[in-house]
Amino acid sequence: MSSHAAMPTGRFRRQRRAQPTRPVRPAHRVQGVVPVTLGLLYGIYVAFADRDHEPLTGGNILLGVVCGVVLAGLCFLLGRSQARLVRELRAAAYGSLFGVATGFLISLSHASVLKASALGAVLGSAMMLVTFYIFYTRE
């Protein structure tokens with residue numbers, strides 16, 4: 001069987017470049033969306049958890065805004081610096097941030113300091129293990 005004269009032979013074959021499966025979005029556009037969203041939700045939760053079955057006051061709103069801004073700032077800084085950290089330290093940083101944030105939320109329910117610290121440490125340790133597993137399997 002004969003082949004067409006314009007068929008490329010093996011030594012003159014052009015290499016095809018891999019095409020991306022989806023369009024690449026610039027990271028700088030969505031860089032702060034997750035920290036801002038987490039800070040907003042955390043601040044709202046803190047403001048309503050602090051009111052203790054009373055009407056919402058300016059102090060509750062101020063505490064919620066301050067806590068939301070602090071959490072958003074810490075999440076943004078962790079997201080910016082995570083590429084420079086080894087996976088164990090990165091997992092510990094995510095676990096610590098989660099543990100402190102949840103421990104503070106538990107302390108707003110007028111639980112004892114020991115209970116809030118213990119639950120924050122347990123949840124932070126669980127988050128550290130989960131994030132370490134995710135980082136270890138994907139890198």
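Colleague: Which residues make the nonpolar surface patch of about 640 Å²?

Modeller: Leu-40, Ile-44, Phe-48, Leu-56, Ile-61, Val-65 and Val-69 make the patch. Helices α1 (33-50) and α2 (58-81) each give two or more residues to the nonpolar patch. This is a predicted model: local features need pLDDT of at least 70, side-chain atom pairs count only at pLDDT 80 or more, and totals for chains, interfaces and linings use all residues. Residues are numbered from 1 along each chain as its sequence is written, and side-chain values use heavy atoms, with hydrogens and water left out.

Colleague: Why is Ile-61 called partly exposed?

Modeller: Buried means under 20% relative accessible area, exposed over 50%, and partly exposed in between (1.4 Å probe, protein chains only). Ile-61 has 43%, so Ile-61 is partly exposed. Ile-61 sits in helix α2.

Colleague: What makes Asn-60 buried?

Modeller: Asn-60 has a relative accessible area of 7%, so Asn-60 counts as buried. Asn-60 also lies in helix α2. Leaving aside residues up to four places away in sequence, Asn-60 touches Ala-47, Asp-50, Arg-51 and Pro-55 (heavy atoms within 4.5 Å).

Colleague: Why are Cys-67 and Cys-75 called buried?

Modeller: Cys-67 is at 14% relative accessibility, so Cys-67 is buried. Cys-75 is at 17%, so Cys-75 is buried.

Methods: Patch = residues over 30% accessible without salt bridge, like charges linked within 9 Å, V, L, I, M, F, W, Y side chains within 5 Å. Areas by Shrake-Rupley, 256 points an atom, 1.4 Å probe, with all protein chains shown as cover. Salt bridge = Lys/Arg side-chain N within 4 Å of Asp/Glu carboxyl O. Helix = DSSP H or I, 4+ residues; strand = E, 2+ residues; numbered from the N terminus.
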